[in-house]
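Please read it alongside the sequence and the coordinates.

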Amino acid sequence: MKVDVEGTLKRIESYKGVIGTIVVNAEGIPIRSTLDNSTTVQYAGLLRHLAAMARSSVRDIDPQNDLTVLRIHSKKYEIMVAPENNYLLIVIQNPCE
Amino acid sequence: MFADESLESVGVESVWRSCQQGALQARSCQTDALHSDDAGVQTRFSASIFTQTEPQEQTTDLLRQHDPAEPDPPGLLDFLRRTEDLIIRELVKNTRSHAFDGFQADWADRSQRVSCLHRLQHPSAQEKDLHVSSVSWSCTGSVIVCAYGRTDDGDWTNEKSCVCLWNLDRQNLNPKQADLVLEVPTAVTSVCCHPNQPALIAGGLYNGEVLVWDTSRTQDPVLVQTGMPAEGHREPVYQVSWVPLQRKAEFGVLSSSSGGRVLLWTVDLDRTRLVLDSGYAFIRQQVPHSGRTSMKVRGSSTVGVTAVALSPWDPDTFLVGSEGGLLLRCSFSSRTPAAVPAEDRGVVLRAPAVFSFRPSSGPVHSIHCSPFHRNLFASAGTDGLVHIHSLLQADPVLSVRVSDSYLFQAQWSPSRPLVFAAATGHGPVQFFDLACRALRPAATIEDGAADRAATCLAFNHQNRRLVAVGKSDGSVGVWQLSSDLVDPGPTETAQLEQIANQVSD
């Protein structure tokens, strides 16, 4: 069972340009990460609120709609956040590489 | 005939007085009676609260370390299974997407123009007809240090010179009067500000001395100096820079002179002098030949060092340019002793040259390693060309013709990987952008009188839009660059990589 969690994360990491992956639990504490501690905590803290706000915006506009993936495209790389009630998966990718 | 007569007097009443008096009326007013009342208040209960900031928690406390023996939290696996496909689809789409190619968000006001913010002059230096020999920004980016000396004559002079500091962030900046003037007994050839401490400035003098000034001391700003020891420089010091020392977490001063010596000094505050830590000497016979040079040179066998550059990627490598046009890659940790006559020195001089690039036909005035690519560096000399070399091959990767006259300095831009600037002997400073195919400059800074050479330039690493240019008429111009010279595009690092990988024929 444990292999599957690691295997899944490794599969995601192996895609072209992926810089790092973070899994955050419901309390906002990162439980798996491939980046260093301070960066991980920063990403987890900031993106949790942003994903919650994005989700509530989508649902306010149309209550039958829901957020699937939040993508932030910045100058240097792209951040993808897949939110859920329990967990949050954050993937940082540099698409130009 | 005549009789006394008495007549009544005639009176004329004043009409003016009565009409001045005007109409009179009487009025009166009185304030109403004030209502006043008494009431009493008393607190029945009180509470007090204190707040205080606490030191930030260690971030490692928040991140639970992954303990292999600990079971995964429930639901983690299901969550990952659900989201894995979704994320992988998005990742693949990203690598193929062209949606944002060429799009740049306009967060800051983009300015299209290069404008001159300040023109700083020191009147007493201008009276003595001194040139600006070197400019340097402090590590905070707000103070500019200008050194005055001579760049044209090679004669010993007894003229006193100075180093002036201006703080550009102050409200009452006076371009004609420096905030701090440090008097120096001879001409200053080079200054360099400490990378971490804004008060320390290292300077090299024309008579071979190396000094460190501490501007936070009011009494005597000279913190340490070398004096004229036997093991020091005997010839003018052309360049000083701060290098991180490997053993301690401090910085030492590296000075190079035309006597063929590159010396590394450490700051010894107890004895208030600079102590020689290690030294390197360049002898022509010990310089590796790149195979193409077959010139037999008579005369002195020392190689006068005119330019030194440190590599920000590899702390062991440094690059040296000489008066004869040689361009060498050297190593701090070389063990070969130099073939100098064995004087009674405390420190054994070593020969650090490892590799020799293709020499140019005149003295190399400036070398600068690219902050964005570990193998690239730019060199400029008297032939009017900026050569972009790779550390891996002897011939330059690219040569750009900047002007017909001498080039005094070439520097890479700290924010855009493909932009470099060159200060020419005619006066203008040219900015080249390697992304454009055309070999014309992307921007030119021309300041006033023609034929006043631009002798030095320095980019500000904190405020990326500022560049300082020192000229031979003793003035320093602080210019603000346009946005397209400062903001990097998304693919510039890849383009730089492509340029570096070109192999020249």
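## Salt bridges across the model

Over all chains of this predicted model, a search of the whole structure finds 13 salt bridges, a salt bridge being a side-chain nitrogen of Lys or Arg within 4 Å of a carboxyl oxygen of Asp or Glu. One of them joins the side chains of Asp66(A) and Arg55(A), with an N to O distance of 3.0 Å. Because Asp66(A) lies in the loop between α2 and β3 of chain A and Arg55(A) in helix α2 of chain A, the pair ties together parts that are 11 residues apart in sequence; helices (H or I, at least four residues) and strands (E, at least two) are DSSP runs, numbered from the N terminus. Asp66(A) is partly exposed at 36% relative accessible area, and Arg55(A) is partly exposed at 27%, where buried means under 20% relative accessible area, exposed over 50% and partly exposed in between (1.4 Å probe, protein chains only).

In chain B, Asp433(B) forms a salt bridge with Arg416(B), the closest N and O atoms being 3.2 Å apart. This pair links distant parts of the chain, 17 residues apart, with Asp433(B) in strand β25 (residues 429-433) and Arg416(B) in the loop between β23 (407-412) and β24 (419-424); both residues are buried. A further salt bridge connects Arg170(B) and Asp179(B), whose closest N and O atoms are 3.6 Å apart; here Arg170(B) is partly exposed at 45% and Asp179(B) is partly exposed at 33%.

## Basis of the values

Residues are numbered from 1 along each chain as its sequence is written, while chains are lettered from A and ligands numbered from 1 in the order in which they are written. Because the model is predicted, local features need pLDDT of at least 70 and side-chain atom pairs count only at pLDDT 80 or more, whereas totals for chains, interfaces and linings use all residues, and side-chain values use heavy atoms, with hydrogens and water left out.

## The contact between chains A and B

In this model, 37 residues of chain A are in contact with 31 residues of chain B, contact meaning heavy atoms within 4.5 Å. The area buried between the two chains is about 3,400 Å², of which carbon and sulfur atoms give 66%; buried area is the accessible area (1.4 Å probe) that two parts lose on being put together, summed over both.

Between chain A and chain B the count is three salt bridges, and the side chains of Arg82(B) and Glu84(A) meet in a salt bridge at 2.8 Å, N to O. Arg71(A), Glu78(A), Glu90(B) and Lys93(B) are linked in a network of salt bridges.

## Selected residues of chain B

Chain B has six helices and 29 strands, and of its 505 residues 46% count as buried. His387(B) lies in strand β21 (residues 385-390) and counts as buried at 10% relative accessibility. Its side chain makes a polar contact with that of Ser399(B) at 2.9 Å, a polar contact being a pair of N or O atoms within 3.5 Å, where within protein one must be able to donate a hydrogen and the other to accept it, and residues adjacent in sequence count only if both atoms are side-chain atoms.

Cys456(B) is buried at 2% relative accessibility. The sulfur of Cys456(B) is 7.8 Å from the closest cysteine sulfur, in Cys146(B), too far for a bond; with a disulfide taken as a pair of cysteine sulfur atoms within 2.5 Å, the count comes to zero disulfides over all chains.
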